[in-house]
Amino acid sequence: MVLALILGIGASGYAIIQYSNGRAASSSHPANVCTNGASNYPICNNNDHSANSCTNRATNYPTCNNNACQYGGSFPNCNPAPSCQYGGTYPNCNPLAPQCKGTAACFTDTVVYIVDGDTLDVGSTRIRLALVNTPEVGQPGYTEAKQFTAQHCPVGSQALVDEDDGQTGGSYGRMVAVVYCAGANLNAELLSSGLAVLVTYYCGVSEFAAETWTGCP
C-alpha cells in the first residue's frame with residue numbers, strides 16, 4: 001500500500017514537471033506555428049510545394065509572384081522599360097512629330113491632288129518636292145513614282161509642308177518644299193525607294209542639302 005502511494009505520487013510529480021516544461025518551452029511560439037518562419041505547419045519546410053506553397057515555386061506565398069523581370073535582367077536588379085525616343089511610355093511610344101526648319105512657309109493642310117511623283121497639291125498650294133526628281137509622263141517609272149506618292153500621301157490625308165528657305169522663289173509657280181505625311185519625309189522616301197533621283201544642281205542652295213537623306217555631296 002505504501003509502495004503504491006509512493007509510485008502514484010512520483011508519477012503525478014513527473015507529469016506536472018513535464019506539463020510545466022512543455023508550457024515554458026512553448027511560451028515564445030504559439031502552437032501550430034513553424035519556428036523557422038515557414039507557413040506549412042507541421043511540415044515547416046519552405047521548399048515544400050503542398051499546402052500553403054506556390055505551385056510556380058515562388059517563395060512568397062500567398063502572392064506567388066516569381067519576381068520575373070519584364071524587360072530583362074535578374075530580380076531585383078531588373079532592366080528598366082526601354083525609353084521612347086520621341087516621347088510617350090514604352091511600348092506605346094508617340095510617333096515622330098516632324099517640325100519645320102528655317103523661317104520660310106510652314107503649314108499643315110489636306111492633300112487634294114497628286115500631279116506626279118514629285119508634285120502634289122496640299123490645300124490650295126502646288127508643291128514641288130525639294131531636291132528630288134521623278135520621271136515625267138511617258139518616261140519609264142512615271143506610273144510607279146506617282147503611285148508611290150499617292151500611297152504615302154493619299155488624297156484626303158494631312159500633310160506638313162516645310163518650304164525650302166533656299167528656294168522661296170519657287171519653281172514655275174510651285175512652292176519648293178519637303179512634305180511629311182504620317183510623320184514620314186516623302187522626299188526622302190522617294191529617294192530611298194529608287195523611284196526618284198537627287199537633283200544635285202540645287203544642293204548648293206537648298207536649306208535641306210546638309211541632311212543625310214539627300215545624299216548631297
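## Salt bridges

The structure holds 3 salt bridges. The model in which they are found is a predicted one. Side chains of opposite charge can pair when their charged atoms come close.

One of the salt bridges is formed by the side chains of K101 and E211, with an N to O distance of 3.7 Å. This pair links distant parts of the chain, 110 residues apart: K101 belongs to the loop between β4 (92–93) and β5 (106–116), and E211 to the segment after β12. K101 has a relative accessible area of 36% and is therefore partly exposed.

## Pairs around β6 and β7

A further salt bridge joins R128 to D118, and the closest N and O atoms are 3.7 Å apart. The two residues are 10 residues apart, with R128 in strand β7 (residues 125–129) and D118 in the loop between β5 and β6 (119–122). D118 has a relative accessible area of 2% and is buried; R128, at 14% relative accessibility, also counts as buried. Both values fall under the 20% cut-off for a buried residue.

D121 pairs with R126, and here the closest N and O atoms are 2.7 Å apart. How does the accessibility of D121 and R126 classify them, as buried or as partly exposed? D121 counts as buried because its relative accessibility is 13%, whereas R126, at 35%, counts as partly exposed.

## Disulfides

A search of the whole structure finds 4 disulfides, including the C69–C78, C153–C181 and C203–C216 pairs described here. A disulfide is a covalent bond between the sulfur atoms of two cysteines.

C69 is joined to C78 with an S to S distance of 2.0 Å. The torsion about this S-S bond is about -65°, so the disulfide of C69 and C78 is left-handed. C69 is buried at 17% relative accessibility, while C78, with a relative accessible area of 32%, is partly exposed.

## Disulfides in the later part of the chain

In the disulfide of C153 and C181, the sulfur atoms are 1.9 Å apart. Its S-S torsion is about 110°, so this disulfide is right-handed. C153 lies in the loop between α2 (142–152) and β9 (158–163), and C181 in strand β10 (residues 175–181), so the bond ties together parts that are 28 residues apart in sequence. C153 and C181 are both buried.

C203 and C216 also form a disulfide, with their sulfur atoms 2.0 Å apart. The torsion about the S-S bond is about -75°, so the disulfide of C203 and C216 is left-handed. C203 and C216 are 13 residues apart, each in the segment after β12 (197–198). C203 is buried with a relative accessible area of 12%, and C216 is buried with a relative accessible area of 16%.

Most residues other than glycine have a negative phi. Y172 is not a glycine, yet its phi is positive, at about 55°. Y172 is found in the loop between β9 and β10, and its relative accessible area of 81% makes it exposed.

A182 likewise has a positive phi, near 55°, in a residue other than glycine. A182 lies in the loop between β10 and β11 (184–185). With a relative accessible area of 83%, A182 is exposed.

Conventions. Residues are numbered from 1 along each chain as its sequence is written. This is a predicted model: local features need pLDDT of at least 70, side-chain atom pairs count only at pLDDT 80 or more; totals for chains, interfaces and linings use all residues. Side-chain values use heavy atoms; hydrogens and water are left out. A disulfide is a pair of cysteine sulfur atoms within 2.5 Å. Buried means under 20% relative accessible area, exposed over 50%, partly exposed in between (1.4 Å probe, protein chains only). Helices (H or I, at least four residues) and strands (E, at least two) are DSSP runs, numbered from the N terminus. A salt bridge is a side-chain nitrogen of Lys or Arg within 4 Å of a carboxyl oxygen of Asp or Glu.
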